[in-house]
Amino acid sequence: MSTSISRRDFLRLGGATAGTALAGLIGTGADLGPATVRAEEARVKGAKAYPSICPYCAVGCGTLVYTVKGPDGKNQIIDIEGDPASPISQGTLCPKGSAIFQLHVNPNRATKVLHRAPGAKEWEQWDLERAMNRVAELTKKTRDETFVERTEDGKLANHTLGIFSLGGATMDNEWNHIQQKLMRGLGVVAIENQARI
Ligand code: SF4
């Protein structure tokens, strides 16, 4: 008799073994419920839960933001989870929403403006005011140089193909809305916000 086993058989066997082990545990009267609840409680023990809404897209899933008082007396976020009471999402979050904690608490987050001049090897730290002025200056310059009022055959265009607006996955609904208005007002037609789910 052949001893070979197909992948399908292997998975079926694995599932049956796990099921038998679970049945065995339950058979001994072990109740897994309290352990699960205790583990969940430990993670947010003593924390205050604030209902909120995921900012990433228009689905509007409900979240619970857990905070504790930090050493400086200020509230610190320790966890963000789906809100089971939300009629929209019933406690679930998509992968983007599930990673929302790191939007707030992230040691790798850049908090200073860094500028590297053309040809330079080193990054220079700029204050925000200077950086914003520079961005505005270059945006205006590029638009002035590339704005097309009418195409060659006389059709009204009022656009610039010299600017492309690329958003990131952490841009929220409100910012996407403002970004669209700003870019369309400038005549930009290439706009990508990456906020779809
Ligand atoms: S990004 Fe995901 S979790 Fe957030 S509102 Fe949209 S679907 Fe819900």
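Start at the N terminus and follow the chain: the elements run α-α-β-β-β-α-α-β-β-α-β-β-α-β. That gives six helices and eight strands, where helices (H or I, at least four residues) and strands (E, at least two) are DSSP runs numbered from the N terminus. Keep in mind that this is a predicted model, with local features needing pLDDT of at least 70, side-chain atom pairs counted only at pLDDT 80 or more, and totals for chains, interfaces and linings using all residues. Residues are numbered from 1 along each chain as its sequence is written.

Next, select C54, Y56, C61, L64, V65, Y66, I80, L93 and I100. Those nine residues form the largest nonpolar core, meaning buried Ala, Val, Leu, Ile, Met, Phe, Trp, Tyr and Cys residues joined through C-beta atoms within 7 Å. Buried means that 20 or more other C-beta atoms lie within 10 Å of a residue's own, with C-beta atoms placed from the backbone. Color strand 2 (residues 62-69), which gives the most to this core, with three residues. Across the protein, buried residues make up 10% of the 197 residues.

Now click on the ligand. Around the ligand sit 12 residues, each with its C-beta atom, placed from the backbone, within 6 Å. C54, C57, C61, C94 and G97 come nearest.

Last stop: helix 6 (residues 173-186). At 1.5 Å a residue, its 14 residues should span 20 Å, and the end C-alpha atoms are 20 Å apart, so the two agree; the expected span is 1.5 Å times one less than the number of residues. Step on to G187, which follows helix 6 and has a positive phi, near 95°.

How values were computed: A residue is buried if 20 or more other C-beta atoms lie within 10 Å of its own, exposed if 12 or fewer, and partly exposed in between; C-beta atoms are placed from the backbone.
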